[in-house]
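Please look over the sequence and the three-dimensional structure shown below before reading on. The report that follows takes up single residues first and then turns to the chain as a whole.

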Amino acid sequence: MAEWSNAAVSKTVIVVRRSEVQILHSPKFPVCPIMQSQKARAINIDLEKIHRLRSLLDNSGYNAAAGIAARSPGLNIERLPERLMVFLKLFHLNKKITGVCAAHAFGEKFLAGLVELGLVVLDGRYIRPLCAIRCINGYYFIYDYDVSSCDYAYMGDDTDIFARCLPLNLHAKKVLDLCTGTGVQAILLSQGASQVAAVDISARAVSFARFNAALNNLGNKVKIMRADLFSPVKGKQFDLIVSNPPYIPIPRDLNFPLAAKGGEDGLLVLKRLINGIKAHLAKNGLGLVLGITPGGQRAPFIFNLLKKTAKTRHLNIDLILLQCKPKQVEVDVRPCFLLGYNQKPLRELKKAMADLYARSKARYLYTYLIRLSHGKGSVNLIDLCGKFY
């Protein structure tokens, strides 16, 4: 395919059963087993079928209904119009339905189109969904239900957090979105930009981002490239650079999804991103980076890197702390997710995570926003939990 596309933390209950981890979640994320890695099905881009999907989503009222269903877990969707009910079951609740029911709601031709796009699959007499569909600020996004592969198209709570932090009224002419994933930031910012470039190293993420650009009728406005960080935009500058990179601290000898694995300190990608951003930031440009990494009593460990970077590269940097949780939450919960990607006992994974945090002497896991601009090297630490340093 051409380089130009044609196109708040929830409560979670985790049940561990030997080689399986099952997430029992609120409607925001469906029930989905995490098993050993397997090859994910390809997503296909067919503009005619994608535009038909968009038309039916709009006409059915999927956007509003999915939002209501997320806020009202007890909503009886069986009373909704048939097509809307089927849309919600498949792409919001991750429920398989009979082929007869799906064909009656959509028509056999459109149902075949969903299969060809890679959004659903025939499973005996049932139609089983492979992707979810969410709507943010009026834009639709597909992402993977199946998280068993170490390379899957991800959307999570941090996606929502960053979406709320984006300066959608900035009207920057040129925008760069690094580690774009499913393309959320690039697509949301496209409404006020004349040119948007989006980069991700994952082939699957790039496919989903291109699908989402087509689903939102963006034509060639968003250029989506498979590459490593700044490599495809060498020598170019942007008015706004945004990134939601991988940042989860994971012991180096353990497997974890590409979209989240941030090295032992969580800074594997963040360090390279922060060090390279100045060369690509226009004179009055702004950089925004979301991170979730370990830290001590006052701040995440990346604060020391930011102070050094600000002085050597003449940047003004604000580190804005958004959330903070004790390290024990991560030490207790993360091994349950690691279990699905590593053939090791849970107790061994828990020890690996505990040792990792002990080596770093971390006390908390911080969620933060880094704001960068050209300047004299000042660094401000802003704690939105109530303290300012």
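## Buried residues, cores and rings

Q185 has a relative accessible area of 3%, and therefore counts as buried, a word used here for under 20% relative accessible area, with exposed meaning over 50% and partly exposed lying in between (1.4 Å probe, protein chains only). This is a predicted model, in which local features need pLDDT of at least 70 and side-chain atom pairs count only at pLDDT 80 or more, whereas totals for chains, interfaces and linings use all residues. Residues are numbered from 1 along each chain as its sequence is written, and side-chain values use heavy atoms, with hydrogens and water left out.

Q185 belongs to helix α7, which spans residues 184-189; helices (H or I, at least four residues) and strands (E, at least two) are DSSP runs, numbered from the N terminus. When neighbours within four places in sequence are left aside, Q185 is in contact with F162, L166, D177, T180, V242 and N244, where contact means heavy atoms within 4.5 Å.

The largest nonpolar core holds 55 residues, and those with the most contacts inside it are L176, Y368 and I370. Such a core is a set of buried Ala, Val, Leu, Ile, Met, Phe, Trp, Tyr and Cys residues joined through side-chain atoms within 4.5 Å. Not counting residues up to four places away in sequence, L176 touches A197, V199, F230, V233, F238, L240, I241 and V242. Apart from this core lies another, of 38 residues, which include L57, L84, A105 and I133.

Helix α9 (residues 268-276) has V269, L270, L273, I274 and G276 as its buried residues, and these pack against β9 (174-178), β12 (238-243), β13 (281-295), α10 (302-313) and β15 (364-374).

F87 lies in helix α3, residues 82-91. Leaving aside neighbours within four places in sequence, F87 is in contact with L53, L56, L57, S60, Y62, H92, F106 and F110. F87 and S60 are 27 residues apart along the chain, and their C-alpha atoms are separated by 8.6 Å.

The aromatic residues Y62, F87, F91, F106 and F110 form one cluster, and a search of the whole structure finds 7 aromatic pairs. Rings of Phe, Tyr and Trp (its six-membered ring) pair if their centres lie within 6.5 Å, and planes under 30 degrees apart count as stacked, over 60 as edge-to-face and the rest as tilted. The rings of F106 and F110 are edge-to-face, because their planes stand at 70° with the centres 5.3 Å apart, and both residues are buried.

Y126 has charged side chains over its ring: the charged end of K96 sits 4.8 Å from the ring centre, and R125 lies over the face at 5.0 Å from that centre. A charge sits over a ring if NZ of Lys or CZ of Arg is within 6 Å of the ring centre and within 35 degrees of the ring normal.

The following table gives the relative accessibility of some residues.

| Residue | Relative accessibility | Class |
|---|---|---|
| F87 | 0% | buried |
| C336 | 9% | buried |
| C135 | 24% | partly exposed |

How many disulfides does a search of the whole structure find? The search finds 0, a disulfide being a pair of cysteine sulfur atoms within 2.5 Å.

The protein chain contains 12 helices and 17 strands, and 53% of its 389 residues count as buried.
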